[in-house]
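Here is a friendly walk through a two-chain model. Have the sequence and the 3D view open as you read.

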Amino acid sequence: MKVAILGVGTTKFGENWDKNLRQLAIEAGTKAIMDAGIRGRDLNAIYVGNMSAGRFVGQEHVAAMVSGELGLSIPASRIEGACASGGLALRQGLFSILSGQHDIVLVGGAEKMTDLMTDGVTSSLMGAGDQEWEAYYGVTFPSLYAMIARRHMFEFGTTREQMAKVAVKNHHNGSLNPIAQFRKEITIKQVLDSPMVADPLTLFDCSPITDGAATLILCKEELAKKYTDNPVYIIGSGQASDTLALHDRRSLTTLDATVKASKEAYRQAGITVKDIDLAEVHDCFTIGEIIATEDLGFCKKGEGGKLLDEGATEIGGRIPVNTSGGLKAVGHPVGATGVKQAVEIVLQLRGQADKRQLKDAKIGLTHNVGGSGATAVVHIFSR
Amino acid sequence: MGHESSVPLFWRLIKSRYQLIGTKCKTCGNVFYPPKYLCPVCRKEGKLEDIKLKKTGKIISFSIVRSAPSGFEKEVPYPVAIIELDDGPRLTSQIVDWKEEDLKIGSRVEACFRRIYTDGEEGIINYGLKFRPV
C-alpha cells in the first residue's frame, strides 16, 4: 500500500479569537493546495475531520461548508470519531484513493473550541465518552485520564515526575514550533505546582482548549511525481475500536485499540517497531503519551516512565516522540489533531522541520485516539 | 447535558440507574452493568435477562474533579471512581460521605441513592446511585 502526500498546511494553533471555523479550515486548506502545487480544480473529493462543531459553534454539515467556501462542487464528507476524527478522515481519504475512485483528495481537520466557555467545552468533550453512564455522573475527560494515571501509578510505580517530564519535553519541542499554542519552556516543578484539575493531574498535564485546522493533499502513487520530487508516502494504516466507556475495558492501563491498530499498521507497512524513527502520539494528557509509547511497542508495558527518564523520546533520542510539541504544547483542536500529527511527520521526512529537524528520519508514525481509547488510528509514513 | 431535554431521556433508564438492575446472559453467564441490549460476547446466540445486582463493591481507580462540566459547577471538588461491583461488572460514579483516607484503590464502597444534577434552570432533577465508603 502506498499513497503520496503532495502538500500540507496548518493554521497557527491557539486562541484564534479573530477567526471562525470556516476561516481556519480555508486557511489550512489553501496552504496545503499551494504547497502541493495543484489547483483547486484538481481535487476529486474532500474529507473533513471534525468532532463537534455542532456543540462548539452550532454548525453541522461542516464538509459542505468547506467545499462551498473553496468554490468546489466535489463530494465532501465529514468524518467523526471524537478526538480521532482527523486520523479517521485521513484513513477515509486514503481508502478513496486506494479504491481507485479518486486521484487527488483533500483531507482536512478543523475545530473551533474557544467560542464556548470552559464548562461548555468540558461538557461537549464528554460527548466522546459515554453520555448515559459516565457524563451523567459528572465525570470529565481529565478525570477519566486521571483514573488511568492513578491505576498506572498503582500497577507500575509510574511517578508524577515522569508524567511531568512529558509536559516539559513537549513544551520544549513546542517552543521550537511556530504554530504551537505554547512556546515557553516549563519545569517539572511548574507542572507539579500548577492547579489541580483532576487528581493527580494538574493543569500542565492537560492539553489546552485550542482553535486550529490542518490539511493534507493526498495523491495516487503513480501521479505523485508529476507534482513533486519530494513526496512522502503513507505505507500503513490501522484502526481499531474498544468500548465507549472506560469502565467496560479489559484494562485501564493499556489501550487495546492502540495495540491492535498499530499491529495492523506495522503489518501493512512491512516493518517492525524498531524501524520507526519518530512518532506523533496522542498526548491529550501526559499519561496518554506514556501509555501510547508502551502500547505502540517503543518499550515494555509499564516502562513508559522509564523511557522518559532515559531521554529516549526527546529530539535526538532513540525514538523521538511528539517533536511538534504534541497535543500538549501545539494545542488540541480535537478534530484537527490527527491531521496535524501527519503534517509534522511530513515536515520531518521532507527535512523542513527547521529547529526541530531530526537527522535522517526515514519512517514516521502517527497515533490518534478518540475518547478515552474507544477509537485508535495509527498511520505509518516513509520518504 | 445542561439542555432542557424531554423527560423520556431520563425516565427510560430509571430502573437501571435507581435499582442497580443490569443484565445477565443466560448463554455465557456474563453479568453486565450498565445493562446491555445485545450480549457482546454471544451476540446472536445471547439471551439477556434483567438481574438485580448487590450494591457493594470496591474502588478500581478514582480522581477528584475540580474543573466541572455544565450542571456540576457547584459540586466541586467531588470524587469520581470506577467501581467493581461484587457481582463483577464495573461502573463509573461519584464517591460521597468521604474522608481522604477512604479514597484508595481497593477501598470498599456501597451504593446509595442521591441527586446527581439538575437539567437546566427549570429542568428535571436527576437522581441515581453514588457510592459511599463502608
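## Chain B: order of elements

From the N terminus on, chain B runs α-α-β-β-β-β-β-β-β-β, that is, two helices and eight strands. Helices (H or I, at least four residues) and strands (E, at least two) are DSSP runs, numbered from the N terminus. This is a predicted model, in which local features need pLDDT of at least 70 and side-chain atom pairs count only at pLDDT 80 or more, while totals for chains, interfaces and linings use all residues. Residues are numbered from 1 along each chain as its sequence is written, and chains are lettered from A and ligands numbered from 1 in the order in which they are written.

The C-alpha trace of chain B spans about 45 × 40 × 20 Å along its principal axes. Of its 134 residues, 37% count as buried; a residue is buried if 20 or more other C-beta atoms, placed from the backbone, lie within 10 Å of its own, exposed if 12 or fewer, and partly exposed in between. Among contacts in chain B with a separation of 6 or more, 51% come from residues 24 or more positions apart. Two residues are in contact if their C-beta atoms, placed from the backbone, lie within 7 Å.

## Chain B: two domains

Chain B is divided into domain 1 (1-20 + 55-134) and domain 2 (21-53), with bounds from an automatic or database domain assignment. The centres of the two domains, taken over C-alpha atoms, are separated by 23 Å.

How many residues of each domain are in contact with the other? Nine residues of domain 1 of chain B meet nine residues of domain 2 of chain B. On the domain 1 side, helix 2 (residues 14-19) of chain B gives the most, with three residues. That side divides into four nonpolar, three polar and two charged residues. Here Ala, Val, Leu, Ile, Met, Phe, Trp, Tyr, Cys and Pro count as nonpolar, Asp, Glu, Lys and Arg as charged, and the others, Gly among them, as polar.

## Where the chains meet

The contact between the chains takes 30 residues from chain A and 29 residues from chain B. On the chain A side, the elements giving two or more residues are helix 5 (118-125), helix 6 (141-156) and strand 5 (196-198). Helix 6 of chain A gives the most, with seven residues. By class, this side of chain A has 16 nonpolar, seven polar and seven charged residues.

## The sheet of chain A

Chain A has an open sheet of nine strands in the order 3-2-4-7-1-8-11-10-9, with mixed pairing; two strands pair if DSSP finds at least two bridges between them. Strand 3 (76-79) and strand 9 (278-280) of chain A stand at the edges with a single partner strand each, so one side of each has no neighbour in the sheet. The twist averages 25° from one strand to the next.

Strand 8 (residues 232-241) and strand 11 (residues 375-382) of chain A pair in the antiparallel sense over eight bridges. In this pair, G236(A) stands opposite I380(A) of strand 11.

## Helix 7 of chain A

Helix 7 (residues 160-175) of chain A has 16 residues, which at 1.5 Å a residue should span 22 Å, and its end C-alpha atoms are 23 Å apart, which agrees. The expected span is 1.5 Å times one less than the number of residues.

Why is helix 7 of chain A called largely enclosed by the rest of the structure? Because 12 of its 16 residues are buried, including M163(A), V166(A) and H171(A). What covers the buried residues of helix 7 includes helix 6, helix 8 (188-193), helix 11 (286-295), helix 12 (304-309) and helix 13 (326-330) of chain A.

Key: Axes are lines fitted to C-alpha atoms, for helices over the stretch in contact, and angles run from 0 to 180 degrees between N-to-C directions.
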